[in-house]
Amino acid sequence: MWGGRQASPPREVWIDVFKNCTGAIVTLGDIIDRSLINEADKLFIISTYSVGVDHIDVKAATEKGGIYVTHTPEVLVEAVADLAMGLLIALARKIVLGDKLIREGGIYDKWGGWLLGSEVHGATLGIIGLGNIGTALARRAKAFDMKVIYWSRTRKPHIEFALGIEYRPLESVLTESDFVVITVAATPETRHLINEERLRLMKKTAYLINVARGDIVDTNALVKALKEGWIAGAALDVYEEEPLPSTHELTKFDNVVLTPPHIGSATYETRERMAEVAVRNLINVLMGKRPLYLANPEVLSIRPLQALI
Ligand code: NAP
């Protein structure tokens, strides 16, 4: 394993690792594609230090004699839900803009001292993708007295009942919500799920928050929506282009909050738990034991577990 999204090692290093190692720990910035996997004659396991596996060609790994691909879900859920709630409140109450105006001294000239925001309690939160993070966010929103509606590929009546939230078709989530938070997984089916047509459905007073993956939102359409005032603002923890250039159009809007990519899981406690799970997954597979989280369970029948250490 090398570093974060911006610090992936050169390709030659990965080729060397994939040719000569039995196991590899990778992270989001490491693009593990089919050509790299084809080099992996000795590799038994790719353990990623992330919940998402969209940076790995999992199908290619499975087809390469059954290379195990493991990941670290669950342990980062609460931290990402905290960040989503933080971004929601920051947008609603213009916290980041207020901080900027105080530091630059523009609060009285530009805003007459008034920086009015929107209320969070009583507002409607629309969650797109009710997985672990979406559910943890719904719990938080209920504690803030929000109405919560959601769209997910699979309807979850037990969670609706337990949390008092309501299912809607995707289009209705977009038209009814004051805050739309994206927590769906990135897959070929969810790429540009939020496109121009769907952004136009949102209320002019509504905010979009993406803590899932950058390419779920069509960035060009989002920039257009912000320029033309189809929505009130946005907050992003993930981008189609990472790292986002400081000159990017998104950086020009006062009603947009931008965080360094993927700080959703970036707490000391969560990152430590993720590291423990990534290493435990690797050790388990090498010891012939089932890993904690396997992204391609079909490998169990292709290459049954056997102790290698
Ligand atoms: P999860 O529990 O596995 O939930 C995944 C969600 O994606 C579920 O709602 C699932 O729908 C939906 N989904 C999966 N495949 C789909 C498809 N083909 N079409 C439509 N929906 C699909 O994952 P999670 O822990 O909540 O994490 C959600 C995402 O957040 C991750 O995949 C990752 O990209 C992102 N994430 C971001 C950060 C960050 O730092 N910002 C950190 C961790 C994760 P159903 O359950 O309804 O079938």
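## Two packed helices

Let's begin with a pair of helices: α4, covering residues 77-92, packs with α7, covering residues 132-143, at an angle of about 50°, and their axes are 8 Å apart. Please keep in mind as you look around that this is a predicted model.

How do α4 and α7 lie relative to each other? Angles under 35 degrees count as roughly parallel and those from 65 to 115 as roughly perpendicular; the angle here is about 50°, and α4 and α7 are therefore oblique to each other. The crossing of these two helices, α4 and α7, is right-handed.

## Around the ligand

Next, turn to the ligand. It is surrounded by 25 residues, and the closest are N132, S152, T154, K156 and E189. Sorted by class, this shell is made up of 11 polar, 9 nonpolar and 5 charged residues.

Which protein atoms lie by the oxygen atoms of the ligand? For I133, a polar backbone atom is 2.8 Å from a ligand oxygen. R153 contributes a polar side-chain atom, 2.9 Å from an oxygen atom of the ligand. H262 has a backbone N or O atom 3.5 Å from an oxygen atom of the ligand. As for cover, the ligand taken alone exposes 930 Å², and the protein buries 86% of that.

## Two spots in the loops

Two backbone details are worth a visit. In the loop between β3 (68-70) and α4 you will find E74. This residue, E74, has a positive phi of about 70°, although it is not a glycine.

The other detail involves P243, whose place is in the loop between β9 (233-236) and β10 (256-258). What kind of peptide bond joins E242 and P243? It is a cis peptide bond, with omega at about 0°.

Key:
Residues numbered from 1 in each chain as written. Predicted model: local features only at pLDDT ≥ 70, side-chain atom pairs only at ≥ 80, totals over all residues. Heavy atoms only, no water. Near = heavy atom within 4 Å. Polar contact = N/O pair within 3.5 Å; in protein donor to acceptor, adjacent residues only side chain to side chain. Areas by Shrake-Rupley, 256 points an atom, 1.4 Å probe, with all protein chains shown as cover. Nonpolar A, V, L, I, M, F, W, Y, C, P; charged D, E, K, R; others polar. Axes fitted to C-alpha atoms, helices over the stretch in contact; angles between N-to-C directions. Helix = DSSP H or I, 4+ residues; strand = E, 2+ residues; numbered from the N terminus. Parallel < 35°, antiparallel > 145°, perpendicular 65-115°, else oblique. Left-handed = near helix turned anticlockwise from the far one by under 90°.
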